[in-house]
Amino acid sequence: SRVHFTVGIPHGGLPFRDPTALVAYGPAFAPGARLDQCEIVDAAPTIAAVLGVELDDVDGRVLTELMR
């Protein structure tokens, strides 16, 4: 099974002002799921959760809103 997870933040931009894109694709993610807000630091905990890896003491959170 494939998992595709992309977080787009404009290089040199102001992430708090510029819109960003997040694409999550694969069997772990619910089709059509949407987020109102996420941070770049949420990528690693989410990917780790999909892979079954537990991360301790991270700044981000698992984006459970995207999960099946």
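How many salt bridges does the count come to by the rule used here? The count comes to 1 salt bridge, where a salt bridge is a side-chain nitrogen of Lys or Arg within 4 Å of a carboxyl oxygen of Asp or Glu.

The structure is a predicted model, in which local features need pLDDT of at least 70, side-chain atom pairs count only at pLDDT 80 or more, and totals for chains, interfaces and linings use all residues. Residues are numbered from 1 along each chain as its sequence is written, and side-chain values use heavy atoms, with hydrogens and water left out.

## Overall arrangement

The protein has 1 helix and 2 strands, and from the N terminus on the elements run β-β-α. Helices (H or I, at least four residues) and strands (E, at least two) are DSSP runs, numbered from the N terminus. Buried residues make up 16% of the 68 residues; buried means under 20% relative accessible area, exposed means over 50%, and partly exposed lies in between (1.4 Å probe, protein chains only). The protein exposes about 5,200 Å², of which carbon and sulfur atoms supply 51%. Such areas come from the Shrake-Rupley method with a 1.4 Å probe, and for residues only the protein chains shown count as cover. Among contacts between residues at least 6 apart in sequence, 43% join residues at least 24 apart, a contact being heavy atoms within 4.5 Å.

Which residues of H1 are buried? They are Ala-43, Pro-45, Thr-46 and Ala-48.

Thr-46, in helix H1, counts as buried because its relative accessibility is 0%. A polar atom of the Thr-46 side chain lies 2.7 Å from the backbone oxygen of Asp-42. This is a polar contact, defined as a pair of N or O atoms within 3.5 Å; within protein, one must be able to donate a hydrogen and the other to accept it, and residues adjacent in sequence count only if both atoms are side-chain atoms.

Ala-48 also has its place in helix H1, and it is buried, with a relative accessible area of 8%. Leaving out residues up to four places away in sequence, Ala-48 touches Val-53 and Leu-55. Ala-49, likewise found in H1, is partly exposed at 37% relative accessibility. Apart from neighbours within four places in sequence, Ala-49 is in contact with Val-62 and Met-67.

| Pair | Separation in sequence | C-alpha to C-alpha |
|---|---|---|
| Ala-48 and Val-62 | 14 residues | 8.5 Å |
| Ala-49 and Val-62 | 13 residues | 6.9 Å |
| Thr-46 and Ala-24 | 22 residues | 9.9 Å |

## Charged residues

The salt bridge joins the side chains of Glu-65 and Arg-61, at 2.9 Å from N to O. Glu-65 is partly exposed, with 37% relative accessibility, and Arg-61 is partly exposed as well, at 34%.

Asp-42 lies in the loop between strand E2 (21-25) and H1. A polar atom of the Asp-42 side chain does lie 2.8 Å from the backbone nitrogen of Glu-39. Asp-42 also touches Gly-60, Arg-61 and Leu-63, not counting residues up to four places away in sequence.

## After the helix

Just after H1, Gly-52 takes a positive phi of about 80°. Asp-57, in the segment after H1, has a phi near 55°, a positive value in a residue other than glycine. Most residues other than glycine have a negative phi. Asp-57 is exposed, because its relative accessible area is 82%.

Val-58 belongs to the segment after helix H1 (43-51) and is partly exposed at 37% relative accessibility. Together with Ile-47, Leu-51, Val-53 and Leu-55, Val-58 makes a nonpolar surface patch of about 410 Å². Patches are made of residues with over 30% relative accessible area and no salt bridge; like charges are joined within 9 Å, and nonpolar side chains (Val, Leu, Ile, Met, Phe, Trp, Tyr) within 5 Å.
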